Amino acid sequence: MKKFKKAMALSLALAMGLSLVACGDKKEDETTTEATTETTTTEAAATDDATADDASASNAEVSLPMPAEDSDPIYVYSWNTELGDRLQYVKDKYPQYADLIQYENLGLGGTSDEYKSAIENAIANGGDKVPSIIACDDDVALYFLSSDAIVPVEDLGITADMYSNAYQYTVDYATIDGKLKGMCWQATPGCFVYRTDIAQKVLGTSDPAKVQTYVKDWDTFMQTAEKMKQAGYKMVSGPKEIQNAALADRKSAWVNDGTVTIDPAVDKYLELAMQLIDNGYTNKNDPWTDGWGSDFTGDVFGYFGCPWFVYWSINDEESGSATAGKRNICAGPSAYNWGGTYLSVTDKCPNKELAALVLKTLCCDTDVMYKIQDETLDFVNNKAAVQKMIANGKGATPILGGANPLQTWYNVAVKVDGSKATQYDSVIDGYLYTVIDGYENGYNGSKDNMKSMLKAMIKEGYPNLTVK
């Protein structure tokens with residue numbers, strides 16, 4: 001997914017208007033991702049292949065009623081051209097409905113107040129172009145999914161069996177009070193993207209399984225950061241680079257029953273950020289700044305990213321840079337995800353049969369999703385499709401020096417925990433950015449000071465919440 005935005009994309013104005021939603025069907029945290037050997041990867045893949053085959057067979061046996069070919073058109077709303085391109089796969093499979101599936105590109109930021117308002121106004125106003133399907137960016141999806149205007153997918157005839165190949169974190173994330181209300185065609189497992197030339201020089205190896213042993217947990221990560229410093233390199237571009245991965249270690253959500261929880265993993269993240277700053281392990285560049293981008297080809301060892309980041313953000317193949325092809329990925333210290341787009345159906349939809357067919361085709365159809373993976377580089381939210389890609393020897397990319405990242409992303413995706421997501425996450429995560437800024441600039445001199453500032457910002461932004 002091409003998401004060129006900062007982590008603080010959601011404004012405080014939006015934050016003040018959000019209400020608490022608790023997701024149902026939660027599950028236990030998975031353990032921290034560890035180094036994966038060739039043998040265990042192969043065994044896991046074999047097991048997952050069997051599971052995926054069973055799920056794929058189950059999917060093939062379950063079908064939806066086909067809409068009438070002269071039924072009402074539906075309008076699909078999003079913020080850019082990406083979803084419109086993906087809808088072509090539905091139209092290609094079902095050409096009889098091609099003219100009934102209309103795309104509305106609002107040309108707005110997917111996490112912006114403007115997009116939120118435009119969608120809500122379009123639903124409220126109704127009319128010939130009332131939204132039937134809306135696209136929801138991961139950062140704000142729970143805002144939309146919590147609305148009574150969004151129909152649970154089971155009401156459309158979409159069953160758990162149909163969606164059984166989806167990674168569990170995408171199911172948990174979009175489940176509201178026990179009802180699945182959003183589905184996605186893409187998955188966004190995170191990884192550690194490292195420079196192979198620097199790894200070879202400093203660590204004596206560029207092999208992903210061996211590099212993983214140097215970043216397998218946060219303590220080891222910091223030890224490796226010291227090695228990089230001694231060799232004249234920075235571990236990461238800035239201290240905030242690790243935030244998505246570090247916060248994935250939380251055992252509790254930011255907000256539970258109206259009470260804000262400062263999880264021990266937040267304390268750990270603040271400590272790690274302090275270490276990165278105090279020890280000079282970074283260039284102090286924030287994500288999405290010019291300095292952060294220039295570090296792609298500079299003295300920085302690694303970044304925390306995901307499929308869309310690798311393919312579209314850090315890619316310097318076309319520039320002819322000296323670093324082109326000198327990267328690879330490993331799982332890193334934590335299983336996390338970054339981004340994604342969820343699709344939901346509104347209660348104003350005049351042709352729910354067709355809307356259901358669109359969601360099922362884009363988000364459940366293994367053959368269609370395999371084709372999307374093969375042709376667009378989207379890492380699809382379908383375990384069977386990804387395993388088929390791997391079995392067919394597809395997925396290698398010159399961006400990673402000819403390496404195939406699919407198995408690593410798969411191994412991470414099955415471990416990501418989506419059960420702790422709340423509507424508050426992107427805003428509170430943004431507050432953490434400000435807190436880290438304070439430490440970098442010398443006016444938050446300790447972890448306790450940073451925590452106090454964080455709590456004060458949450459209290460001001462969300463006076464309805466209890467902050468202990």
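Mentor: Contact means heavy atoms within 4.5 Å. Keep in mind that this is a predicted model.

Trainee: Which residues does A141 touch, not counting residues up to four places away in sequence?

Mentor: Start with its place. A141 is in helix 5, residues 141–145. Leaving out residues up to four places away in sequence, A141 touches C136, Y173 and Y342.

Trainee: Is A141 buried or exposed?

Mentor: Buried means under 20% relative accessible area. A141 has 0% relative accessibility, so A141 counts as buried.

Trainee: What separates the C-alpha atoms of A141 and Q423?

Mentor: Along the chain, A141 and Q423 are 282 residues apart.

Trainee: Where is K240 found?

Mentor: Look at the helices on either side. Helix 9 covers 218–230 and helix 10 covers 243–247. K240 is found in the loop between helix 9 and helix 10.

Trainee: Is K240 buried or exposed?

Mentor: Check what surrounds the residue. K240 touches Y269, D286, P287, Y433, I436, D437 and E440, not counting residues up to four places away in sequence. The relative accessible area of K240 is 2%, so K240 is buried.

Trainee: How many aromatic pairs does the structure hold?

Mentor: Rings of Phe, Tyr and Trp pair if their centres lie within 6.5 Å. The structure holds 30 aromatic pairs.

Trainee: Why is the pair of Y194 and F301 tilted?

Mentor: Planes under 30 degrees apart count as stacked, over 60 as edge-to-face and the rest as tilted. The ring centres of Y194 and F301 are 6.0 Å apart. Their planes stand at 40 degrees, so the pair is tilted.

Trainee: Which parts does the pair of Y194 and F301 tie together?

Mentor: Y194 is buried at 0% relative accessibility, and F301 is buried at 1%. The two are 107 residues apart in sequence. Their pair ties together strand 6 and the loop between helix 12 and strand 9.

Trainee: What kind of aromatic pair do Y424 and Y462 form?

Mentor: Both Y424 and Y462 are buried. Their rings lie 4.7 Å centre to centre, with 80 degrees between the planes. Planes over 60 degrees apart count as edge-to-face. The pair of Y424 and Y462 is edge-to-face.

Trainee: Which residue caps the N-terminal end of helix 15?

Mentor: Helix 15 spans residues 366–376, and Y370 is among its buried residues. K388 lies over the face of Y370, at 4.8 Å from the ring centre. At the N-terminal end, a side-chain oxygen lies 3.1 Å from the backbone nitrogen of D367. That oxygen belongs to the cap, D365.

Trainee: Which residues touch the most other members in the largest nonpolar core?

Mentor: That core has 147 residues. L454 is one of those asked for, and its contacts include W254, I262 and V266. The residues are F192, M235, F301, F309 and L454.

Trainee: Which are the edge strands of the open sheet?

Mentor: Three strands form the sheet in the order 7-8-12, with mixed pairing. Strand 8 and strand 12 pair in the parallel sense over two bridges, and V260 stands opposite V467. Each edge strand pairs on one side only: strand 7 and strand 12.

Note on methods
Residues are numbered from 1 along each chain as its sequence is written. This is a predicted model: local features need pLDDT of at least 70, side-chain atom pairs count only at pLDDT 80 or more; totals for chains, interfaces and linings use all residues. Side-chain values use heavy atoms; hydrogens and water are left out. Helices (H or I, at least four residues) and strands (E, at least two) are DSSP runs, numbered from the N terminus. Buried means under 20% relative accessible area, exposed over 50%, partly exposed in between (1.4 Å probe, protein chains only). A charge sits over a ring if NZ of Lys or CZ of Arg is within 6 Å of the ring centre and within 35 degrees of the ring normal. A polar contact is a pair of N or O atoms within 3.5 Å; within protein, one must be able to donate a hydrogen and the other to accept it, and residues adjacent in sequence count only if both atoms are side-chain atoms. A nonpolar core is a set of buried Ala, Val, Leu, Ile, Met, Phe, Trp, Tyr and Cys residues joined through side-chain atoms within 4.5 Å. Two strands pair if DSSP finds at least two bridges between them.
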